[in-house]
Structures are given as structure tokens and as C-alpha cells.
Amino acid sequence: MLRGADLRKKRCFVLGLDGMPYSLIENLFHRGSLQNLKKIVKSGKMKRIKSVYPTVSSVAWTCFATGKQPGETNIFGFTEADAGTHSIYIPVDTQRKVENIWEKLSRKGERSIVINVPISYPVKEINGIMVSSFLAPSLEKATYPYDYFKELLDYHYELDADAFLAATNKPGFMKQLLDIMEARFQVCLDLLEKERWVYFQLNIMETDRMFHFFWDEVQQEGDVSFHDSIFLFFKRLDEYIKQVFDMLDEDTVFLLVSDHGFEGVKKEVFLNTWLEDKGYLKYTDAQNKNFFTIAPDSLCFSLAPGRIYFVAGHNREEMVRHIKQEILKINIEYGDNIIKDVVSKEELFQGGYSSNGPELLIIPDKGYDFKGEFGNPEVFMKRHFTGMHTFEDAVILGNRIDIEPVETICDVYEVILKEILYESI
């Protein structure tokens, strides 16, 4: 029995599997994998849910943790731009404008343990333990209590895998993903045994990393030499899920949640190259094309995934209509269903910070992954990325909790609070 099991009627453990699709879990069940998880589903419920736009992990997990949309949280991507001041930056937790679940619990005197959730840097003081994510510059700056990182050294804990290895040493990258995941679970299991808590969230980013670079192999296609290592990854994941679940008492909620789905990449789309070809994006230095060399007479530019920002000094209403109309012509120009829709910030966002979001967002069709790089020689390419995020096909699995009201990742917050604090937002 865990320490502190008598503190209250309900506690909640959340396992975040970044990018894990509902359809893949079902497929793995059919293939005889994840059988421990399958047993947990039989005594609970699993359903497909939707993510959020823009479909980016930092955006989605912030919505999960706050129950609010991007226009309310002020988080719109892993990189964000301010066209008015011509600045680009990586948003961190100080940009988030609403309280998240562990802050709320801390304010009410409840203890939380949170490991590896995006947009948790700079680390803030909470009633409990915090280990930030790959956005932290180092492990030494990633924990609260501030010296807790010293304990993580014994586990060989890493904030993130080295994505460079995915292009240069795929076997080494795959091994690193497994090692990092195992270290996260080992830390989790020890904290479950030793610490008091009401809310515990462990996020596994390694699923997302694997799907980006090994999606074909996950589907039992691609390079067959990786099939065994991927089978081992899911085998170990399933074993750890069982260990965690078995450590929870009957009054503790278990949730497994993903922030978005995944699918295969047909082509990467370099929209800034298309914008340049059409004369909408210009540079002051043709030999050094990047955000800081965007010419002032440009109309717009793009950041991933398909976020379009206008350069200051143009009539916004006219720009929205014109750029949307022109981008939708890409389907006709290239003879394929590349774009489902282009939506404005007014159509997409609600809340007091909606104006900080992109002016337009491209909703891609199946398999077209919109990138934000500048100066790429081609509009369409296929590089080492084989998987991409999807708005559809995220997943929630609940045991000892009613997940029926959850339709999107933003809905989970209220369901959790009803169990822990018996209140609604």
C-alpha cells in the first residue's frame, strides 16, 4: 500500500504518452502487444479523442493542464513570432496566462508530482516535486526542489533524446529512446513508493520521438531490422504500465492520455518556399534566408505547423481574404489534396490572448506535414521524418473514473478536478 493512501477519497495518476494514437493501441492489442494495458482497459474504458489546433505537444499539454484553449493560455507553438516587433522566441512557462492543475492543487494545500510535461520551464515552486521537460537548458535547472536533480543523476536521467542521431545513427537513437523511457519510469516507481501525493503526472516523450522517425517500422513496414527493437520498446512500456498500475490503490484514478495522434508522412511541405516563389515572402539577404532577413515589403511568413503570420504594415482584413484564397489554390496547382482548410484566428481561437496567435492556420490533408524552415530549395521533400501529428486519433484511457464527457484533450482537466477536489471549472 502506498504512503498517504488514507489522505482522501480519490487521487489521480496520469500517464501521458506523447503522440500515441488510439488506432495504434488497438492495432498493438490485435498484434498481441500491450496485453497488460489491454487488461486495464477491460476494467475501465478507452476512447478516441481530439487534440487541439495548432496540433503541437506544447500547446496540447498546456490545454490539458489548464482546461483552456490556446487563446486563453497564450501558448500557440514551440516557437512563436511577433511580427510587429519582428521577434521570434521559444515560449516558456512564464508566457502561460492561466493556472494549471498542479498550481491549483498547491494553492489548496495538495501535493503533486509532475515529470516531463512541456511548458514547465522555468521551474516554479510547487507543493511537491517537479521535473521539467526538454525545454529546460539542463537537468540542473529542471527540477523543484532545486537540488532534486542530484537524485536523478543516479538514474542516468536525460531530459531528451538526441534527435541528431535519428539521421546519423538510428540504432543508437532507438536504444537511447528505450534507455530514457526506462529511466523516467524508474524515477516514477521510486517516487510512488516513497512520496505522498494527490496528483501524479508522468509524460513519456519517447513515443513521439519514435513515431517521427520510425513510423513505418511501427506499422511493421520500413526497415525490418528495427522491428525487434520496436517490439522491445512496447514490451517494456507495457511492463512499466503494469508496475505503475499495480502500485495504485483502489481509490486512485488511473488515466492514460495522449496529446495528439500520428500518421505517415507523404511529403513535407515547405510553405515559406512556396510563399517566396509567389512573391509573398522576400529576403534582404538572398544568401542567408531566415526569419531575421525577412524583407519589410514581404506580406507573410510561416512557422510550423502551417501557422501563417503577417508582416506589419498591411491591411489585415484584405490579407486574410487574399492569402487564404491563394493558399487554397495549392491543391489545384499540385493536383492533390494537400490542404483541407485555411482558418483565421477569429475562427480558431477564443480568449483574451487570441490576438497573439497566428493570423491563419493551415489544416493539412492526410500525410502532408507543413514545416517552417526558411530557404529550402523545394516546396515538397521527403527527408528522415516518417511520421507526423494528427488532430484526430488521440486517446484517453480511464480506470476508476468516468471519461465519457471527454471529447478533446482540453476536457480532461475538469474530469480530474471533479475526482480530486469535487469541483467544476
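1. How many helices and strands does the secondary structure of the chain contain? In this predicted model, the secondary structure comes to 15 helices and 19 strands. The radius of gyration is 22 Å, close to the 22 Å that the globule rule gives for 425 residues, so the chain is as compact as a globular protein of that length.

2. On overall dimensions, the C-alpha atoms fill a box of roughly 65 × 50 × 40 Å along the principal axes. The accessible surface of the chain is about 17,400 Å², and carbon and sulfur atoms contribute 48% of that surface. Of the 425 residues, 57% count as buried.

3. Among contacts in the chain with a separation of 6 or more, 68% join residues 24 or more positions apart.

4. The largest nonpolar core holds 67 residues. The members that touch the most other members are Phe 13, Phe 200, Met 210, Phe 234, Phe 254 and Leu 256. Helix 8 (residues 170-194) gives the most to this core, namely twelve residues. A second, separate core has 41 residues, including Trp 102 and Cys 410.

5. An open sheet of three strands has the order 16-11-17, with mixed pairing. Strand 16 (368-371) and strand 17 (380-381) are the edge strands, each pairing on one side only. Strand 11 (residues 267-270) pairs with strand 17 in the antiparallel sense over two bridges. Within this sheet, Val 269 has Phe 380 of strand 17 as its bridge partner.

Technical notes:
Residues numbered from 1 in each chain as written. Predicted model: local features only at pLDDT ≥ 70, side-chain atom pairs only at ≥ 80, totals over all residues. Heavy atoms only, no water. Core = buried A, V, L, I, M, F, W, Y, C linked by side-chain atoms within 4.5 Å. Buried < 20%, exposed > 50% of the residue type's maximum accessible area, 1.4 Å probe, protein only. Helix = DSSP H or I, 4+ residues; strand = E, 2+ residues; numbered from the N terminus. Pairing = 2+ DSSP bridges. Rg over C-alpha atoms; globule rule 2.2 N^0.38 Å. Contact = heavy atoms within 4.5 Å. Areas by Shrake-Rupley, 256 points an atom, 1.4 Å probe, with all protein chains shown as cover.
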